[in-house]
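My notes follow in the order I took them.

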Amino acid sequence: MIRALALSLAQLGDRRIVAVLAKSLGLTLVLCLIPGVAIGVALPMLIGDLLGGWSAAAAGLAGFTVTILSLWLLFRAVAVAVIGVFGDEVVAAVEARHYPGAVARDVPLSASLAMGARSGLRVIAVNLLLLPVYLVLLATGIGTPLAFLAVNGWLLGRDLGDMVAVRHCSLAEMRGWRRATQGRRFLLGVGVSALFLVPFANLLAPVLGAAMATHLFHEGRP
């Protein structure tokens with residue numbers, strides 16, 4: 001994992017990686033802007049209405065907390081969906097530099113769009129389902145971020161791994177690869193999910209995740 005991160009960081013200056021970073025980040029921010037503003041305005045008011053019997057400070061804190069969680073979830077979901085579309089270019093760049101002997105097949109744009117959409121929707125659905133758990137765990141101080149890392153590590157590890165594996169494996173081979181790499185993909189997902197929690201690093205997280213997943217896939221392969 002450390003090797004994959006070091007190699008991925010070292011390649012951030014690659015013009016192909018820079019190009020993907022620019023367009024994926026731009027599209028992500030555009031897609032987050034309108035719903036993000038709506039969430040930031042509407043949720044605090046909604047929470048305030050629901051907790052009308054509480055003090056204004058408690059209602060405001062609850063609204064602020066839910067807004068932050070929602071915006072983080074929205075950014076992450078959109079970023080994962082977008083990198084699902086452009087990630088093929090990151091994978092190709094990493095393979096060209098570090099694994100020139102790798103034989104990959106082109107993934108149709110329609111397949112990339114479908115994978116990206118499924119990834120984004122899965123992130124939103126699972127995290128919304130667990131939102132009450134996240135709120136309850138706020139009382140522990142550290143429970144919510146740990147739960148976020150575990151859940152999103154599992155989701156992201158699968159999505160990033162599949163993005164690389166689909167270029168090299170049949171469906172049956174992908175299932176076998178998933179079973180054989182569950183632990184490593186989970187650690188990859190947790191690491192990239194942790195980057196999403198760090199300001200500025202979260203902007204690089206999708207591209208770094210795609211590059212790290214490429215190294216993870218090729219490690220140990222003949």
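Before reading any packing angle, I set the classes: angles under 35 degrees count as roughly parallel, over 145 as roughly antiparallel, 65 to 115 as roughly perpendicular, and the rest as oblique. The axes are lines fitted to C-alpha atoms, for helices over the stretch in contact, and the angles run from 0 to 180 degrees between N-to-C directions.

**Ground rules.** This is a predicted model, in which local features need pLDDT of at least 70 and side-chain atom pairs count only at pLDDT 80 or more, while totals for chains, interfaces and linings use all residues. Residues are numbered from 1 along each chain as its sequence is written, and side-chain values use heavy atoms, with hydrogens and water left out.

**Whole chain.** I found nine helices and zero strands in the protein chain. Helices and strands here are DSSP runs numbered from the N terminus (H or I, at least four residues, for a helix; E, at least two, for a strand). Of the 222 residues, 45% are buried; buried means under 20% relative accessible area, exposed over 50%, and partly exposed in between, with a 1.4 Å probe and protein chains only. The chain exposes about 11,200 Å², and carbon and sulfur atoms supply 74% of that area. I then looked at contacts, meaning heavy atoms within 4.5 Å. Among contacts with a separation of 6 or more, 81% join residues 24 or more positions apart.

**H6 and H8.** Helix H6 covers residues 143-165 and helix H8 covers 182-196; I read an angle of about 115° between them, with the axes 7 Å apart. H6 and H8 are therefore roughly perpendicular to each other. Their crossing is right-handed; a crossing is right-handed if the near helix is turned clockwise from the far one by less than a right angle, and left-handed if anticlockwise. On the H6 side the contacting residues include Gly153, Gly157 and Gly161, and on the H8 side they include Gly189, Ser193 and Ala194.

**H1 and H9.** Which residues of H1 meet H9? I listed Ala4, Leu5, Leu7, Ser8 and Leu9 in H1, which meet Leu208, Ala211, Met212 and His215 in H9. The axes of H1 and H9 (residues 201-218) come within 9 Å and cross at roughly 125°. The two are therefore oblique to each other, and H1 passes H9 in a right-handed crossing.

**Serine 8.** Serine 8 is in H1, residues 2-10. Is serine 8 buried or exposed? Serine 8 is buried, at a relative accessible area of 3%. A polar atom of its side chain lies 2.7 Å from the backbone oxygen of alanine 4.

**Threonine 181.** I placed threonine 181 in the loop between H7 (171-180) and H8. Threonine 181 is buried, with a relative accessible area of 3%. A polar atom of the threonine 181 side chain is 2.6 Å from the backbone oxygen of tryptophan 177. I also checked leucine 216, 35 residues away along the chain, and found 9.1 Å between its C-alpha atom and that of threonine 181.

**Histidine 168.** Histidine 168 is in the loop between H6 and H7. At 14% relative accessibility, histidine 168 counts as buried. Leaving out residues up to four places away in sequence, histidine 168 touches Glu95, Ala102, Val103, Ala104, Arg105, Glu173, Phe217 and His218.

Technical notes. Polar contact = N/O pair within 3.5 Å; in protein donor to acceptor, adjacent residues only side chain to side chain. Areas by Shrake-Rupley, 256 points an atom, 1.4 Å probe, with all protein chains shown as cover.
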